[in-house]
Amino acid sequence: MTMQSEIVTMNVPENSIFAGIDELDIAWFENGRTVPYAAYGRYSLNRMDPDLCALAETLQWHNYIAKPTDYDKLGGTPLFAMATGQGGILVSSIRIDADGKDPVACRMTHNILNWDFRV
């Protein structure tokens with residue numbers, strides 16, 4: 001989870017975590033740096049687990065996936081939800097420190113704090 005991710009794409013745009021955000025808006029967050037990035041890292045998930053939902057994806061830039069197992073090294077999710085009992089847990093490496101400079105990051109922070117716990 002140490003790779004900074006410049007581009008993040010939504011997997012489940014209808015989830016409340018993305019309320020008020022267009023699908024391409026979370027590509028990167030402006031923060032006054034030379035290379036803006038939207039996430040601090042990414043997680044690998046068991047995609048077959050029905051209790052896990054990858055809400056967003058990221059793929060390391062300038063790399064190509066030659067076989068499906070390459071995705072484990074080059075891609076992952078910076079934002080996922082896990083069903084637990086009657087609620088859920090949100091796990092995120094999305095940057096919330098950019099909210100002072102980027103209005104989408106500000107909206108994303110608001111949505112994270114007001115998430116409805118639905119997976």
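Of the 119 residues in the chain, 39% count as buried, and since the model is a predicted one, this share, like every value below, is computed from predicted atoms. The accessible surface of the chain amounts to about 7,100 Å², and carbon and sulfur atoms account for 56% of that surface. Among contacts between residues at least 6 apart in sequence, 65% join residues that are at least 24 apart.

**The strands and the sheet**

The chain contains two helices and four strands, which follow one another along the sequence in the pattern β-β-α-β-β-α. The four strands make up an open sheet in the order β1-β2-β3-β4, and their pairing is antiparallel. Strands β1 (9–10) and β4 (87–92) are the edge strands, each of them pairing on one side only. Strands of a sheet in general pair through backbone hydrogen bonds, and they may do so in a parallel or an antiparallel way. Here, strand β2 (residues 52–59) and strand β3 run antiparallel and are joined by six bridges; leucine 59, for example, has glycine 75 in β3 as its bridge partner.

**A residue inside strand β3**

Threonine 77 has its place in strand β3 (residues 75–84). Is threonine 77 buried or exposed? Its relative accessible area is 0%, and because buried means under 20%, threonine 77 counts as buried. A polar atom of the side chain of threonine 77 lies 2.6 Å from the backbone oxygen of alanine 56, and a polar atom of this side chain also lies 2.8 Å from the backbone oxygen of leucine 79. If residues up to four places away in sequence are not counted, threonine 77 touches Arg42, Tyr43, Leu45, Ala54, Leu55, Ala56 and Glu57.

In soluble globular proteins, nonpolar side chains tend to be buried together. The largest nonpolar core of this chain has 18 residues, and those that touch the most other members are Val8, Ile17, Phe18, Ile26, Leu55, Leu79 and Met108. Strands β2 and β3 and helix α2 (103–113) each supply at least two residues of this core, with β2 giving the most, namely three residues. Isoleucine 17, when residues up to four places away in sequence are left out, touches Leu55, Leu79, Leu90, Met108, Asn111, Ile112 and Trp115.

**Aromatic pairs**

A pair of aromatic rings is described by the distance of the centres and the angle of the planes. The count for this chain comes to two aromatic pairs, which are set out here.

| Pair | Centre to centre | Angle between planes | Kind |
|---|---|---|---|
| Tyrosine 43 and phenylalanine 80 | 5.6 Å | 75° | edge-to-face |
| Tryptophan 115 and phenylalanine 117 | 5.2 Å | 50° | tilted |

Why is the pair of tyrosine 43 and phenylalanine 80 edge-to-face? Planes over 60 degrees apart count as edge-to-face, and the planes of these two rings stand at 75°, so the pair falls under that description. The pair links distant parts of the chain, since tyrosine 43 is in the loop between β1 and β2 whereas phenylalanine 80 is in strand β3, 37 residues apart. Tyrosine 43 counts as partly exposed at 21% relative accessibility, while phenylalanine 80, with a relative accessible area of 10%, is buried.

Note on methods. Residues numbered from 1 in each chain as written. Predicted model: local features only at pLDDT ≥ 70, side-chain atom pairs only at ≥ 80, totals over all residues. Heavy atoms only, no water. Buried < 20%, exposed > 50% of the residue type's maximum accessible area, 1.4 Å probe, protein only. Contact = heavy atoms within 4.5 Å. Areas by Shrake-Rupley, 256 points an atom, 1.4 Å probe, with all protein chains shown as cover. Polar contact = N/O pair within 3.5 Å; in protein donor to acceptor, adjacent residues only side chain to side chain. Pairing = 2+ DSSP bridges. Core = buried A, V, L, I, M, F, W, Y, C linked by side-chain atoms within 4.5 Å. Phe/Tyr/Trp six-rings, centres within 6.5 Å; stacked < 30°, edge-to-face > 60°.
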